[in-house]
Amino acid sequence: MGLAAVGLLYLIALLAPVLAPYDPAAQLDLVAGRLLPASLAHPLGTDALSRDLLSRLLFGARLSLSIAALAVVVAVTVGTAVGLAAGLAGGVVDAALMRSVDAALAIPRVFLLIVILALWEHGGIAALVLVLGLTGWFGTSRLVRAEVQSLKQRDFVLAARALGLPAWRIALRHILPNATAPIIVSATLGVGNTILIEAALSFLGIGVRPPMPSWGNMIADGQAFLATAPWQAIVPGAAVVLTVMTFSVLGEALRETIDPRTR
Amino acid sequence: MTTERLVEIDALTKRFSLPGPLLGRRRAIVAVDAVTLTIARGETLGVVGESGSGKTTLGHCVLRLTQPDAGRVRFAGVEILALRAEGLRRMRRRMQIVFQDATLSLNPRLGIGAAIQEPLEVHGRARGSSARARAEELLAEVGLDRTLSDHYPHQLSGGQRQRVGIARALSVEPEFLVLDEPISNLDVSVGAQVLNLLADLQARRGLTYLLIAHDLAVVRYLADRVAVMYLGRVAELAPAAAIYQQPLHPYTASLLAAAPVQDPRAARPRIVLSGEPPSAANPPPGCPFHPRCPHPKKSERCRSERPPLREVLSGRWAACHYAEEPIDAGRASHR
C-alpha cells in the first residue's frame, strides 16, 4: 500500500505538465485574480501573484520529489561505500572513518546546510541536491558498517575466503547483496526526511528559489496571508506532511517485509 | 595408506582476548594451546572434544582462516603461515573446509550452480558453459540432481544443502578437507548418508580428512586416528580402534562411558563427570582435567604438575600421569 502511494506520488509529479491546469509561473490576473479561494476554475485557489495554486503544487511536487530522490541516491552511494570500507577494513581505517562520521553527526545538519548553501549562492538545484546528498550519508554508513561487520563473520563469507576468492569479489558479491535490506529501508525513510529538510530550506529562502515552485517556498509565500487566506500555507504544508508520512509508512512496511529478523 | 605427511601442525597456539574489567588487564582465552598433530596423505584424523575445547578453532587455524598466534602449519611441505596473500590464495585450491551448518555456509542470495561455478572461474579451472557443466557434474558426484543448480539454498533440505557445501569444497579439486562437524545438524539417517558420501569421496579421490566432531560414533566410522581435545590441548591421540578399545586418558574414558550403546541392558561403568568444563579463560593449574577427573589415583601431583602428552604405548599418546593404569572403561562399554 505504501508502495502504491509512493508510486502515485511520483506519477503525479511526472505528469505535472499534463495534470496542471495552468502554467505554474503565469500571473493570470494581477488585478482581480489574487488570493482567490477554491473554485471550479482554480480548484485550490490562487496565490498573491494570481498564480494557480494547484499548478504550483503539482510542479512543486515534481521538484521536491526529484531533489529528494537524487539527494538520497548520492547519500546512499557514499554511505554504502564508506560503510563497506570501514566494516571490511577494520582497525585504523574503520576508526578514522567512523570518528569522522561521529564528528559530522555532532553538527546539526540544518545548520550545516544553511552555512554551505549561503556560501554557495549560485549553485542552483544541482548544488542543493549535492549538498543534501553529501550531508545525508552518515547514518547510512553506520548502518552498512554494522551490517558488514556481522556479515563478514558469517560462515558463507568464511567459505568464500577458504575458496580463495579475491577480497573485492567477496565484498561485492557475498557481503553487499546481503546488506541491501537495511540500505533500502534507510533510503526510503531518507527520502521523506530529505523532503522535509528541502521544504525547510526553501521556506528559509535558500533552497529552491522563486519563481520555481517548491512546497517550502509556497509555505513561505503563504505565511503572510495566514489570517486572510490560510489555504495558501495549509495546502503545501499538508502536501509535505502527507508525503513524508507516505515514505515513513513505506519504509516501515519494507523493513517488515525484507528484514528477515522481523519476519 | 602412504606415510607421506600431508599436514604437519606444530605447537599451534591461538589466543582470543576478552574484554576485561573497565580498568583491568584484558584477559586471554587460550583456545588452542600448543597443539602438535600430523596427518598422513589419505588418512582421516578425527578430533573430538566438548564445545569450547578448541577443535573448530584448530581447523580454522590449519586453513589460516584464523591467524594463529604461534606455531607452524606445513601443508605438503609448504609453510602455510608464512605465505603472502597471493600464495595463500593459490594454496587454498588444495585445502578446503565443509562447515557444520550449510544453512549458514551458503550465501542465501546465490544460486546453487553459481556458488559452485564461482570458485571454478576464479581459479581459472573453467569458464562459462563449461563451468556450468562442471558444476552439474559436481552436483551429480555428491548425489544431487543436476537440475538443482537453478535453486537457492533455502529451497533445499538440510542434507541437500550439506551436499552442496561438499560439492563447492570439491570444486577446486582439493587434496585435504577440514570437515567441521559435517553432520551434527542433520537427522541421523540423513547424516549417515552424508558420512557414506564422505567415505566414498575419500576412496575415489584419495582425500585426506581432518574430521572435527563432538560425536564419537561419527569419528569412529570415518577416522583412522583420533585426537581427543580438552581445553585447547590434546588429551589423547591414538589409532581409532585402540582408543575405543581401551582409552588411556580418564577424560576419553568418561566420554566413551557417556556415549549411548545399543543394548540398554549392557553392563557398563558409569563415569559421571561433575560440573562444567572449567573456563578456558581461567584454566586450573596442573592437569587441566583434574577438577573433574574420576581416576582413582588422582593425586597432589595432578593438581600442581601439568602432564605432557607422551607416548605411553606404541603410537598411543596420552596427557595423564597415570596413563599406564587407565580406568577400565572402553572394554566394559562395548561388551
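Guide: Let us begin with a definition: two strands pair if DSSP finds at least two bridges between them. Helices (H or I, at least four residues) and strands (E, at least two) are DSSP runs, numbered from the N terminus. This model is predicted: local features need pLDDT of at least 70, side-chain atom pairs count only at pLDDT 80 or more, and totals for chains, interfaces and linings use all residues. Residues are numbered from 1 along each chain as its sequence is written, while chains are lettered from A and ligands numbered from 1 in the order in which they are written.

Visitor: How many bridges join strand β4 of chain B to β5(B)?

Guide: Strands of a sheet pair through backbone hydrogen bonds, either parallel or antiparallel. Here 2 bridges join β4(B), residues 70-75, to β5(B), and the two run antiparallel. Across this pair, B:Arg74 stands opposite B:Glu79.

Visitor: In what order do the strands of the open sheet in chain B lie?

Guide: The order of its 4 strands is β2-β1-β4-β5, with antiparallel pairing. At the edges are β2 (27-40) and β5 (78-79) of chain B, each pairing on one side only.

Visitor: At what angle do helices α4 and α6 of chain B pack?

Guide: Axes are lines fitted to C-alpha atoms, for helices over the stretch in contact, and angles run from 0 to 180 degrees between N-to-C directions. Helix α4(B), residues 112-122, and helix α6(B), residues 158-170, pack at about 20°, with axes 8 Å apart. Therefore α4(B) is roughly parallel to α6(B), a term for angles under 35 degrees.

Methods. Angles under 35 degrees count as roughly parallel, over 145 as roughly antiparallel, 65 to 115 as roughly perpendicular and the rest as oblique.
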